[in-house]
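Welcome to this tour! Please open your viewer and get ready to select residues as we go from stop to stop.

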Amino acid sequence: MGDHGESALMAGLSGALTGFGHRLMARVYYADTDFSGVVYHARYLEFFERGRSDYLRLTGVHHTELAGGKHGERIVWVVRRMEIDFRGSARIDDILTVDTRTEDISGARIFMAQQLKRGEEVLVEARVEAAIIGENGRPRRFPKEWVAAFMPEVP
């Protein structure tokens, strides 16, 4: 599916696939925080988005290819629903871990669980329902060949 600019030098940039799904490390920068140095609540959505996008990328699903019509029509991912539980706060210069795992795939929808941690401390948890839609805005079934790539291994 192409290298999309990734090389050996950037091997860790997109995180890594794991037995449960995907793991991404991220640093909190000044731009992520409010005036007090604590991560602004809406920025957690961006950390979670990076985790989901890099999970897709490492499984071979690229937003640019989908939007370009590689699969017969232009398709895009949309978030349909998200539940967030804020348990703690990240601060400037913290190193965070974003874990993403697939819980289920049904029709056009994928259900994912995400955690954002500082060390072993869970700061934020999210449950995300995303869907694939075509150019006309209507749902498209989740391609069968993607199911194996996105479903976590069973212990």
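## Stop 1: a glycine in a loop

Begin by selecting Gly37. If you set aside neighbours within four places in sequence, Gly37 is in contact with Ala90, Arg91 and Ile92. Keep in mind throughout the tour that this is a predicted model. Gly37 sits in the loop between strand 2 and helix 1, the helix that covers residues 43-58. Is Gly37 buried or exposed? It counts as buried, because its relative accessibility is 16% and the cut-off for buried is under 20%. Gly37 and Ala90 are 53 residues apart along the chain, and their C-alpha atoms are separated by 8.8 Å.

## Stop 2: a buried histidine

Next, select His22, which belongs to strand 2 (residues 22-27). His22 counts as buried because its relative accessibility is 0%. Which residue has its backbone oxygen 3.5 Å from a polar atom of the His22 side chain? That residue is Gly51. Show the surroundings as well: leaving aside neighbours within four places in sequence, the contacts of His22 include Ser14, Gly15, Ala16 and Leu17. Also among the contacts of His22 are Asp54, Tyr55 and Leu58, along with Val98, Asp99 and Thr100.

## Stop 3: salt bridges

How many salt bridges does the count come to? The count is 16, and we will visit some of them.

Select Arg23 and Asp99. Their side chains meet in a salt bridge, with 2.6 Å from N to O. This pair links distant parts of the chain, since Arg23 is in strand 2 and Asp99 is in strand 4, 76 residues apart. Arg23 counts as partly exposed because its relative accessibility is 33%, whereas Asp99 is buried, with a relative accessible area of 8%.

Move on to Glu103 and Arg127. They form a salt bridge too, and their closest N and O atoms are 2.6 Å apart. Glu103 lies in strand 4 and Arg127 in strand 6, so this pair ties together parts that are 24 residues apart in sequence. Glu103 is partly exposed, at 28% relative accessibility, and Arg127 is partly exposed as well, with a relative accessible area of 46%.

Now pick Arg109 and Glu129, whose side chains meet in a salt bridge at 3.3 Å, N to O. Arg109 counts as partly exposed at 31% relative accessibility, while Glu129 counts as buried at 7%.

## Stop 4: the largest pocket

Finally, look for the largest pocket, which has a volume of about 210 Å³. To find its centre, select Arg101, Ala113, Gln114, Gln115 and Glu125, the closest to the centre of the 13 residues that line the pocket. Now colour the strands: strand 3 (75-86), strand 4 (95-106), strand 5 (109-118) and strand 6 (121-134) each supply at least two residues of the lining. Which strand gives the most to the lining? Strand 5 does, with four residues. If you colour the lining of the largest pocket by class, you will find four nonpolar, two polar and seven charged residues.

Definitions and conventions: Residues numbered from 1 in each chain as written. Predicted model: local features only at pLDDT ≥ 70, side-chain atom pairs only at ≥ 80, totals over all residues. Heavy atoms only, no water. 1 Å grid on protein atoms, 1.4 Å probe; cavity = no way out; pocket = protein on both sides within 12 Å on 5 of 7 lines; lining within 4 Å. Points joined across faces, edges and corners; volume = space filled by probe spheres on them. Nonpolar A, V, L, I, M, F, W, Y, C, P; charged D, E, K, R; others polar. Buried < 20%, exposed > 50% of the residue type's maximum accessible area, 1.4 Å probe, protein only. Polar contact = N/O pair within 3.5 Å; in protein donor to acceptor, adjacent residues only side chain to side chain. Contact = heavy atoms within 4.5 Å. Salt bridge = Lys/Arg side-chain N within 4 Å of Asp/Glu carboxyl O.
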